[in-house]
Amino acid sequence: MYDNAVLLKHRKRLLTIQLFWYYRHLFLVHRWRFLTGILFLVACNLLGVSVPILIQQAIQSIETHQPQELPRYFWLLALTATIMLGCRIVSRQQLIGLGRLMEYTLRDRLYQHLLTLPQSFYTAHPTGALMSRMINDVQALRYLCGGGSLLGFNTLFAYLITLPVMIHYSPRLTFYAFLLLPLAVFLMSMISGRVKTQYLRVQGVLADVSAIAQENFSGMSVIQSYVKESDESQRFKGVSRQYFQEFSTLVRQRVWLFLVMALITSLGILVVLAEGGREFIVGEINIGVFVAFILLLERLSWPTAAMGWTVTMIQQGSAAMERLHQVFSVRSDLVLDRSKKGYKSPFPQGGLELRNLTFAYPDELPVLKNIDLTLSPGKTYVLVGEVGCGKSTLLSLIPRLYPVPEGTLFIGRRDVNTMPLSALRQIVTYMPQHSFLFSSTIEKNLAYGRPDSLYPDLVKATQTASLHEEIQAFPEQYSTIVGERGVTLSGGQRQRMALARAILLTSRILLLDDPFSNVDAETEEKIINALTKRRMFDDKITLIATHRLSIIQNADAIILMDKGRIVAMDTHERLLESQSFYQKMHRVQTLQNQLETLWDEGAMS
Amino acid sequence: MSQQKKKEENQQEAFDVQQFLDEKGSASSGLKDLALIRKLWPYIRPHRVLLGFCLFLLIPLTASQVALPALVQYTIDGPIIHGNLKELAMMCGGYLALMGVHYVLKYYVMVLSQIVGQKIIYALRTDLYDHLQTLSPRFYNRTPIGKLVTRVTNDVENLSEMLSAGGLTILMDLTVIIGVLLFMTFSHWQLTLVTLLMVILIVGMLELLRRRSRRGHDRIRTHMAAMNTYFQESFSGMDIIQLYQREQKNVRDFRSLNQSNLKTCLQTVLYDCSMAAWAEYLTILTLILILGLGSLAIMQGVMTFGLLIAFFLYVQMVFEPIEDLADKYTIIQSGLTSIDKLMALFNETPDIQPPSSGLLSQKTETSTLQLAGAITFNHVRFGYQREKPVIRDLSFQIQPGEHVAIIGHTGAGKTTLIKLLTRFYDVDQGSIELDDIPLQELPLETVRKQVVTIQQDDFLFSRSLAENMTLDFKIHSRLEHDPTLQSHLFAILQQLKATNLLSKQKNDWTAPLKERGRDLSGGERQLLLFARAMYHNPAIFILDEATSAVDPTTERQIQQAMALASKGRTTLVIAHRLSTIRQADRALVLSQGRQVQFGTHEELVRQEGLYARFFQCRKALED
């Protein structure tokens, strides 16, 4: 399905109809529902037209003094109306429900697709834009498939069925009645066009109101500090006044639109009254036809009004489809499952090796240059270097969050590009700098990578991360909900949660990006001791990017990075002797540690 | 795998929709509907004459609307039945004229009433904004900005919808319904009775369906909120999802949420569809009943065809607004909810109160009052929460024109001290005095005008350089009319050696800063903040020095700016760098909300206390 979409990209602009054709499989799923809906819609309109016809005949029988006929008509009318009630409910329910089903399917597919997209996509597209695809664009397509198809087809059938009946009764009267129609459609499309432009303008001013409010509430301390409340009040009043003026214009236009719609019905009645009255006097029609005409015209007033809305829904639905297509046509830039068949051992043994790795983010200069590095199993490494030297990029490449050039990154002598992504990520656990937690319980967050974890395992992990006691202090302990709707954790707690989540997996390769930046020195010491105990078995590799001294002294080797290159890799003592860059960094860290303890002591005394 | 375990796993995997559905209710003012509407009265009052006029117009409006079908009736029973073409033409002309009158009236009533509604909205919105400006940081710290923006936009919009859909429109519908029913009663009371019964039936039926539908829509809304959160989290935590290989599980999780939403939607669709269909059905049934009873009456000769047709038209006229009533009810409900939320905001009282008595509170003196700049803290105790004091028993005195550095660890109370001094919070115990006048007895305006702070990352507005410097709403027009003002601003920048701020704006004082000044460097931002402070020429100047490192040139520039800004003013600096501390006359060392040391650099170095050790450490670090 995505192959199609990618091919399309090369053909540049597509007609909307083509676009819908390419995604037909999404729409065809519910074809039976659609057909049922349409069928009942036709039935509805047929029955709907028979009501005025029956009324006409009933009236005619009064006129011709045949009252014995009347009961039959009433029963028929009641029957028709009742069947129509059923048909109406079914047709509406089927078609509007179709919109909901489409919404469901589209969201499901879209979400599934988005999960396959790589990190580069998410850095390029802000969350807000994606949310808008998921919510607004999908909604536009729901309106198109549901309400749009209902209104559109209803209008079509209403005209197709009502018109012949009217012509049959009186071609002349039909002609006069429909003289108004083009005028009505023209007027309505004109006004609704204006309403739309004005509406956009109003939305624009409302956005200004919102922007000023947003900015001033954020900067309220500045406004209050400088006693500028009355200035800002004036500014807010200015934009509110502008909003009032634009909205007043919109009000007038909306009232016009409303009145034009109502006017058409009234004019229709006038036409029937004048022309129908004349034809009655002349003897061309009877009083029943006269009544039927009024009722038939009334029947058409709603479908006529719906024409404009249908067009809008089609336009908005098409635009939404195009935007969704843009997302659907993106594919992951990572080699995904190329090696599925040839792949045997999911867990290659041995170390991690980087050979002459150079990496750049799309359209940027290289961040990593000619990296050569060999990490042996069973050891702990620390990656140090100034902010922006490429530490985080290096770590994030190992689980292939970004595409890794072929022949540069090996695990157990095997190029990571020849491993399925899922196998690679089973061996490698990477803890990014930001400690993102989901709005869920602590337990579920911890067991995120392994939902079937047992409670003792969770406790072991939180104990290592020195978090267990704090979790137990919460009223609901491990079932406490964290995130937006729950308990707010401190930065340090979040970080240790993320750490516990990562070490719970006991992966062969553990990569931690600055995992202690929000943890105090004492806790850090505890965590490192526990972590080293946990990681020292077997053939595990631990790589930590950090500045903190306590880890540096415990590591098997330090990797020193500068401006995207590896400067040196050696033990702490030896680097301290040989590298002046490292000495300086170490001294600053030591002094800062001293300063911190100094203040802590000061606080004690 | 055992059956038991599998079951457990399924349970664990079933996505917790309920977790999202348990949403806490928002703040409420706890008022009943009518009381809420009464709260709006002060806003409605100024427009009572215009509204009264609109109400008066409703009489001819309703009359003309009711008269139109009656005219149809007379036309049919008169000229048409009698075959008089000339009279028919006249009647049609009359119909057209009446129609014209009716629509003109309707236009004015609708437009006037809605514009009055908008005026009310305007007043309410600006009042709300003004009220929010009086609230202090305590309020802003616990209220998300997004929520406040929603109040002044969406909630006010809901209210606006309510005023245009509800209010006069509903009254208009009601008068029409009553007018029609009255007119029908005079023409044929039996048929009217039937119609009335059907009206009651339809209202009951719709109400029944509406209740279920509303319950459904509430649930859909909650589902949508849950989905929103889910997307938001998924997209911002995508790396975690992919790294922990949760894609499959997330697809399942999302599907269960999506399915639960679909189920509710499909149920609700059924109710929604049924509402329209039942309304249509009952309308047709009424027509049939009228036709049946009417035809009997016609045959008895007590009714005419014209009246029958008029009744047909009347039935439509009565039933149509009833069908809309449900929608309008929803709009009114959400409008009322919004009023409730808005009133809850209006109920927030500022916790900083202006001085209630004393000579200094009088307006005339505020503008002329110039402080010398002496600061006294007298056994001050303060905590953001009373039981957790941040400042405990702090006392010190600073002379006018003195330059003091404040030193202390994170959490020592340095920033809090500034907030107390600018009276964003009131002390719990003790007192703060400026020029020996307790802060509470000075007008707030004076305090804030005389004490100016530069916070570490103070707010820049997405406005022009001139506006950011002066914070003056009318600065652009003032710049145009007053050339000296521009040179004054320029002189400030020149003094600060920050004229590149202006050249970066292509020498345009009125061009908005790019991205709220985000493309300025840290140093440039600081200098702009200095310029802002200098323009306002306060008696006391407080600076929170940036902790992050800046390049030596910028550092020197900022040092210079500080020297300039502190000249002739009492200056407090929360300092980190030695050079900054050495610039000050005295240093105040804080720890845990208490004064540890206070004295000149030389004194403190000799004392061998915290300061001396800090100095050693810092000196080594800065080398």
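Tutor: Start with one pair of residues: Asp544(B) has Ile574(B) as its bridge partner in strand 8 of chain B. Two strands pair if DSSP finds at least two bridges between them. The elements are DSSP runs numbered from the N terminus: helices are H or I with at least four residues, strands are E with at least two.

This is a predicted model, in which local features need pLDDT of at least 70 and side-chain atom pairs count only at pLDDT 80 or more, while totals for chains, interfaces and linings use all residues. Residues are numbered from 1 along each chain as its sequence is written, and chains are lettered from A and ligands numbered from 1 in the order in which they are written.

Now the whole sheet. It is open, with 6 strands of chain B in the order 6-7-8-3-9-10, and its pairing is mixed. Strand 6 (451-454) and strand 10 (594-599) of chain B are the edges; each has a single partner strand, so one side of each lacks a neighbour in the sheet. From one strand to the next, the twist averages 20 degrees.

Which strands does strand 3 of chain B join by 4 bridges, in the parallel sense? One is strand 8 (residues 570-574) of chain B. Here Ala405(B) has Val573(B) as its bridge partner. The other is strand 9 (residues 586-591) of chain B, also parallel and also over 4 bridges. On that side, Ile407(B) stands opposite Val589(B).

Is strand 3 of chain B enclosed or open to the outside? It is largely enclosed by the rest of the structure, because 4 of the 5 residues in strand 3 (residues 403-407) of chain B are buried. Buried means that 20 or more other C-beta atoms lie within 10 Å of the residue's own; 12 or fewer makes it exposed, anything in between partly exposed, with C-beta atoms placed from the backbone.

Next, the helices on the sheet. Helix 15 (residues 414-421) of chain B lies across strands 3, 6, 7, 8 and 9 of chain B, and runs at about 150 degrees to strand 7 of chain B. Helix 21 (residues 522-536) of chain B touches strand 6 and strand 7 of chain B, and its direction makes about 175 degrees with that of strand 6 of chain B. Axes are lines fitted to C-alpha atoms, for helices over the stretch in contact, and angles run from 0 to 180 degrees between N-to-C directions. Contact means that the C-beta atoms of two residues, placed from the backbone, lie within 7 Å.

Helix 15 of chain B is itself mostly covered, with 6 of its 8 residues buried. These are Lys414(B), Thr416(B), Leu417(B), Ile418(B), Leu420(B) and Leu421(B). Just past the helix, Arg423(B) takes a positive phi of about 55 degrees. Most residues other than glycine have a negative phi, and most peptide bonds are trans. Leu471(B) also has a positive phi, near 55 degrees. Leu471(B) sits in the loop between helix 17 (465-470) and helix 18 (475-481) of chain B. Its 22 C-beta neighbours inside 10 Å are why Leu471(B) counts as buried.

Step back to the chain. Chain B has 25 helices and 10 strands. Of its 623 residues, 38% count as buried. It is divided into domain 1 (26-187 + 331-351), domain 2 (189-302), domain 3 (373-459 + 540-622) and domain 4 (461-519). Domain bounds come from an automatic or database domain assignment. The C-alpha centres of domains 2 and 3 of chain B lie 63 Å apart.

Chain B also meets chain A, in a contact of 106 residues from chain B and 104 residues from chain A. On the chain B side, helix 12 (residues 247-300) gives the most, with 27 residues.

Last, confidence. pLDDT is the predictor's confidence in each residue, from 0 to 100. The mean for chain B is 81, and 90% of its residues reach 70 or more. Helix 1 (residues 3-13) of chain B is lowest at a mean of 40, and helix 6 (residues 85-133) of chain B is highest at 90. Where pLDDT is low, the predicted coordinates should not be read in detail. The model scores ipTM 0.81 and pTM 0.75.
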